[in-house]
Amino acid sequence: MLGKQFRYPVQKGFPKQIAYSPLFTLRYNKHKGIGLRAAVVVSKKIDARATGRNRIKRLFRSALFNILNEKNIDFDVLIFVKKDAKDKNQNEIKEEILKT
């Protein structure tokens, strides 16, 4: 589980900027000072088993933090995963994030 300082507070509403990809929909906002805060949403339509959904979340989180923490960017990121991402590995996810 992510530490509390890295979790995205959904109660504040969804971020305004949107980027689309075949694997996911990315919503993001720039903010001041906290660092990267992220949330990954995987619905039961993508995988009925919790272990499958958790695996997809881990892959997305690790790819996202590897990319953005190196650049020291302050963003709130919310990722809605699509069905095509179910069978992808971390390198393919990382490449797709870099494209968007």
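How many bridges join β3 to strand β4? Five do, and β3 and β4 (residues 75-81) run parallel. This is a predicted model: local features need pLDDT of at least 70, side-chain atom pairs count only at pLDDT 80 or more, and totals for chains, interfaces and linings use all residues. Residues are numbered from 1 along each chain as its sequence is written, and side-chain values use heavy atoms, without hydrogens or water.

**The sheet**
- Four strands make an open, mixed sheet in the order β1-β2-β4-β3.
- β1 (17-20) and β3 (37-41) are at the edges with a single partner strand each, so one side of each has no neighbour in the sheet.
- Strands (DSSP runs of E, at least two residues) are numbered from the N terminus, as are helices (H or I, at least four).
- Two strands pair if DSSP finds at least two bridges between them.
- Ala 38 stands opposite Val 77 in β4.

**Salt bridges**
- The structure holds two salt bridges (a side-chain nitrogen of Lys or Arg within 4 Å of a carboxyl oxygen of Asp or Glu).
- Arg 49 pairs with Asp 47, with the closest N and O atoms 3.4 Å apart.
- Arg 49 is exposed at 52% relative accessibility, while Asp 47 is buried at 6% (buried is under 20% relative accessible area, exposed over 50%, partly exposed in between, with a 1.4 Å probe and protein chains only).
- Glu 96 and Lys 99 form a salt bridge at 3.8 Å, N to O.
- Glu 96 and Lys 99 sit three residues apart in helix α2, so about one helical turn separates them.

**Glu 92**
- Glu 92 lies in helix α2 (residues 90-99).
- Glu 92 is partly exposed, at 35% relative accessible area.
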